[in-house]
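Let's take a walk through a protein model together.

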Amino acid sequence: MAPVVGIVANPVSARDIRRVVANATSLQVTDRANILLRVLAALRACGVADVLMMPENGGIRSHVERGLARARAQGDDLYPAIHAVAMPITGTVADTHRATREMRLAGASAIVVLGGDGTHRAVAAECGAVPIAGISTGTNNAFPDHREPTITGLATGLAVMGRVPPHIAFRGNKRIDVSINDGATTDLALVDVALVTERYIGARALWRTENFRELYVTFADPEVIGMSAIAGLLEPVARDESGGLMVRLSPAGRTPSDGATILRAPIAPGMMASIGVTDWRRMPADVAFVPEVASGSIALDGEREISFTTRDRLSLTLRDHAFRTVNVGGCMRFAAQNRLFTDAPAPVSADF
Amino acid sequence: MSRKISMKTAINEALDLEMRRDPTVIVMGEDIVGGTGANGEDDAWGGVLGVTKGLYAKHGDRLMDTPLSESAYIGAAVGAAACGLRPVAELMFMDFMGVCFDQIFNQAAKFRYMFGGKAQTPVVIRGMVGAGFRAAAQHSQMLTPLFTHIPGLKVVCPSNAYDAKGLLIQSIRDNDPVIFCEHKNLYGLECDVPAESYAIPFGEANILRDGDDVTIVSYGLTVHRALEAATALAKDRIEAEVIDLRTLSPIDWDTIIESVERTGRLVVVDEAHPRCNLATDIAAFVGQNAFGALKAGAQMVTGPHTPVPFSPSLEDLYVPSAEAIAAAVRRTLSPTGSRSHGIAA
Amino acid sequence: MSENPFPLSKDDLLKAYRTMRTIRDFEERLHIDFAKGDIPGFVHLYAGEEACATGIMMHLNDNDRIASTHRGHGHCIAKGVDVHAMMAEIYGRSTGACRGKGGSMHIADLSKGMMGANGILGAGAPLICGAALAAKVRGDRGVGITFVGDGASNQGTFLESLNLAAVWNLPVVFVVENNGYAESTAMEWAVSCDSYVDRATGFGMPGVTVDGTDLFAVHEAAGEIIRRARDGGGPALLECNMVRFYGHFEGDAQTYRAKGEVEALRASRDCLVMLAERVVEAGVVARDELHRIDREVADLIEDAVRAAKAAPLPAPSELLTDVYVSY
Amino acid sequence: MSNERIKPIVMPKWGLSMSEGKVTGWLKRPGDHVALGDDLLEVETDKITNVVEAGESGVLRRVLGENDTVYPVKALIAVLADPDVSDDEIDAFIAGFVVPAADADADAADATPRYLFAETAAGTIRYATRGEGGPAVLLVHGFGGDLDNWLFSIDALAESATVYALDLPGHGQSTKSVADPSLSGLSAAVLAFMDHVGLAKAHFIGHSMGGAVSMRTALDAPDRVASLSLIASAGLGREIDHGYIQGFVGATSRRDLKPVLETLFADRGLVSRSLIDDLLKYKRLDGVEDALTAISSAMFADGAQSSVLTDLIAAAKTPILVVWGEEDRVIPAAHANALGDAARVAVIPNAGHMVQMEASSKVNALLKDHIGKAA
């Protein structure tokens, strides 16, 4: 069976209140569609013939189809065939869950995800062993790399067509599993779990630092934005090392009386915040952490998702190698070393 | 003190005086400052024909250039009026009403009635009307009858600088929406105008010439054509009374009726197209209310039922001439005059 | 009672619930009475969309202006227009908010900052730019909110107003109430770029999308946007995704909607039920307290209908009054 | 051509704004003997209709001005001559008559502005001045009037005097802010004006309220008032037609104002449309309504004149002329006799409150005589 690539493109990511309280980017629907056309062209260039796409009515698919029709009308064979996953559209995150599940069951070799951390998290929850190729829709994300999507498409195409060996093409990623009341409710985060005292979901986005209490990150990267940056500016932890970091923040906020350190961090695009940090420590894999915050909300990858009370029992556990992603840099380096994009044979036999 | 100034200057002066008197008066429109945001002079144009020139220097940000976006800024003027300002919005050419008429006739005109008398909308929409400027079909119309048709609007069309100033001041002070129509070919016409502020009440026609033989009713530019006709007729001992309506809504029926009851003859001159205009309106009203006084059928002298043409040779035929008005007067005086039913076309 | 985890005090929560319940009961009562033939003309019901009007209006005072739509009852109630006056207006009575001269589509109360429901789609946007301009000229920190449906968002007036508000940096919030249908036509078909946020971005202002059935989401997002506008930060757009429980107008058989769609929405996305469950579940409000409000609102609506039916029709002389302030 | 026995009758010029007039009717026929002051013909201007009186005596030999025909100012409209002048001589005179060019006249008008403005302690005061040498004469108009009320007098008086006519505060084109609307306040404004133009002393001619202002000035500053001529003057009794005052203050339209103005004249027909329009233009200026209301409340409250100066002015040493129109409907002509022997009194028949306009020749002759004697 020829490899099939799934595409999950979220039309409504990057529409939240950070557009108002900070100066976050808003990637237009037409630009999202253009990104997909670039990815599709790259997949096709690598030989991918069929793509399974999540249906949505936010406008991406209709724009993509116009692009495909234009190419057909001009006689160009630029794109793979697009197949929509047969499923009803609800316009909620359930669509992402359902589409990912269907793609996995249909045997997709990889899933290209266009969206923010939240969209990637939803795909990761359902993708099982199917690797993810992430594309960011904005500047407000920590998980997907910021990179020209054409390259992501090429790498994914090479990987699923078997032109790059799997141990180079894919790599494992960490995640934090959230369990409430012994698994009665479960969820996960790809980058960060923040415990805040606000006990409502509201407009979801996380930006009021005075309410932050505890932070758990899978990687602590000073080069990214958001919660991960807080940890990253204290003690960097790489994506590919085991375990993460746990940070405890001062309830007194910016004017700590408990000897906390003041950290200034970019918690949202263009938004520097002063945060009182009480202490931090490594978060080893497979060790359950029980937060000290008694009631509030759990924010997963920057968005408030679940509220809890003193009656609820929380536990957080970091898992190494929890799901796979396409190693774009690795694929492209391999392609170069092996002259995969030239018509001449590779001068050097790669050492697998 | 009084001195000779043009209608253009009189309008500028009225805006200046009212902005000085009342801080809630703001003035907005396309290029009314001219050059906002560009690299040259601040007050480069002062309106496309310079009517608002110099006001920016005196009143600053209370004069606002707008985007070329009539439905937005005319609507904004209406909304601001409903919220306590007294905006004067310039609709450069009244012909542009086509893109913002909803804000005028469905919003401004109806607020008071629809809201049970609990709103007032003191907005003034001023703009150029009329032919003779070689501006062709979309910049030359006399659309006054369309506005006059709408309950809730007041419609003003001055014929001279003195009236323009007093009527514009009244328009700004008035608590109802006012459509203020400025005939572009009258901008340069000068007359004695006091330097002080004064308001001319609406609904009072001006009698510009006394006469006992025939009543000529008009407004705007054609008032001057009617006066020319009256001067020519006087050589033949025909004395025409010339009435300048000044405001079309409200309209001064009493003055018209009183005059016709004395003269027994009526000629109505309207630069607008011939159907459903001020001429038909006044002729019908007089026919209904002073039929017994009429010695001949009322005559109507109007533009033809065509768009305004471009070529000067055609456009000059378009606007009612003094000769056409004089001929209409003679028709009312000839034994067969009352049998003339032709609509000018 | 538990500690209140919400961003609203218990009083505010109860007030919000009362507003939403009042809108719901008002509309459902009109639905019934319209079908009985008691009400003349057209009515467009807001049922299902209550969280949007309520969440936004909680941030406003009488000095702030709103320009509403043909579907304006909810905006009126949330902005504080008297329910008795509204009901009487819809019944065409002389005691109505507009003395029986406006009707459902033109209810206004300028003393409450309610600049009128509007029968012309998209017409409110320029008007609210004017209201905001007036606030800016006076420097009174007032803001203007205009509501527009997903359908009317295609009107030139709306798009021109986005530009004007951005150019003049006016304190305006454009609220797109996206219930998915422009009368009977699907939003996905009729709106070219499928995104109001993109449109806002194109006019140089931020746009935010929230779940319009979640009072807290609307309240929080609107709060930030309104504060920004009030502080001179300029205009913004707020898209509220919401659900319409009834047809475009009363009497609309809604054959353009999928079978079971409305039932499913009522079961899963009823903003009033969601609010009640959350506040009760959190232990902040007792179910009884909500029931008491339900009873009080039911009495209020019943009394408003009774009073409206008993009120005199406008006198014949009213035909000719209120055209001008003076003429 | 000059011929002392042949006297041309020309279209008169009443006030500086008049450029032409229409002959509306001859009151003498050719061949009639005409005495000085006889009514000759009626002329209508856009401002007013007035009778042209004979300035000299003789036989009306030729009538050239046709009825209902407009002639420029100074056009020859009739010839007066002794009976023994031959027709040939008259024909030659007519043939040789040259109407002064209108352009030259306009240039002259431009050279000396029609109106001047003085920035006085009482605010901006508009005034006009005519004539040179001779005694100084100051013309003070009445309530609601302005210096054009002296249209038919100013040039005649200027033949033998230096004449000033002003607009009182709140009137004409003077300031509309009236600091003190009482007689004393207006009198102070007149004195401020005199100071500004360097007028130490003048013969005061006051009409109506202007008469009372003049009397007040004579009482308060006797050395600045050489004589008083009081025309239909206020201040000589209580009675006044309060309906007129209220009507004038309250009128907002041509329709309201016309009947009010008609009470000013014995001949109601003299109230032309143009006269009404001019007054409406004045009344519509911002501040005028407030000024008139303030002045009328100060002077004519409760339907009567507040200040009666009869006793005081009778005791003063100033020479006084009192002139009244017999048919005055605003202030009764009976007030003419209020000063008894202290004044010279003339009551003119067929004239109303605006007697100086309705019977201008007679009034002008009286004024000249009075000033001449008092000087």
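**A guided tour of the model**

Let's begin with chain D: its average pLDDT is 90, and 95% of its residues score at least 70. Scores like these come up here because you are looking at a predicted model. As a whole, the model has an ipTM of 0.85 and a pTM of 0.88.

Strand β13 of chain D (residues 202-207) has the highest confidence, at 98, while helix α2 of chain D (residues 102-111) has the lowest, with a mean of 48. Find residues 103-111 of chain D in your view: the pLDDT there is below 50, and beyond near neighbours in sequence this stretch has three contacts in the model.

Stay in chain D and look for some strands. Which way does strand β6 of chain D run beside strand β8 of chain D? The two are antiparallel, and four bridges join β6(D) to β8(D), which covers residues 76-81. In this pair, D:L60 sits opposite D:L80 of β8(D). Strand β6 of chain D (residues 58-63) is also joined by two bridges to strand β3 of chain D (residues 33-34), again in antiparallel fashion. There, D:V34 has D:G58 in β6(D) as its bridge partner.

Now move over to chain A, where you can trace an open sheet of seven strands. Their order is β11-β12-β10-β9-β8-β14-β15 (chain A), and the pairing is antiparallel. Which strands form the edges? They are β11 (261-268) and β15 (303-308) of chain A, each of which pairs on one side only. From one strand to the next, the twist averages 35°.

Let's zoom in on one pair from this sheet. Strand β8 of chain A (residues 192-196) and strand β14 of chain A (residues 296-300) are antiparallel and joined by four bridges. Look for A:V196, which stands opposite A:S297 in β14(A).

Next, see where two chains meet. Ten residues of chain D are in contact with 13 residues of chain B. On the chain D side, five of the residues are charged, three are polar and two are nonpolar.

An unreviewed UniProt entry lists residues 19-316 of chain C as "domain: Dehydrogenase E1 component".

Notes. Residues are numbered from 1 along each chain as its sequence is written. Chains are lettered from A and ligands numbered from 1 in the order in which they are written. This is a predicted model: local features need pLDDT of at least 70, side-chain atom pairs count only at pLDDT 80 or more; totals for chains, interfaces and linings use all residues. Two strands pair if DSSP finds at least two bridges between them. Axes are lines fitted to C-alpha atoms, for helices over the stretch in contact, and angles run from 0 to 180 degrees between N-to-C directions. UniProt positions are given in the numbering used here, feature names are shortened, and annotations may be inferred rather than shown by experiment. pLDDT is the predictor's confidence in each residue, from 0 to 100. Two residues are in contact if their C-beta atoms, placed from the backbone, lie within 7 Å. Ala, Val, Leu, Ile, Met, Phe, Trp, Tyr, Cys and Pro count as nonpolar, Asp, Glu, Lys and Arg as charged, and the others, Gly among them, as polar.
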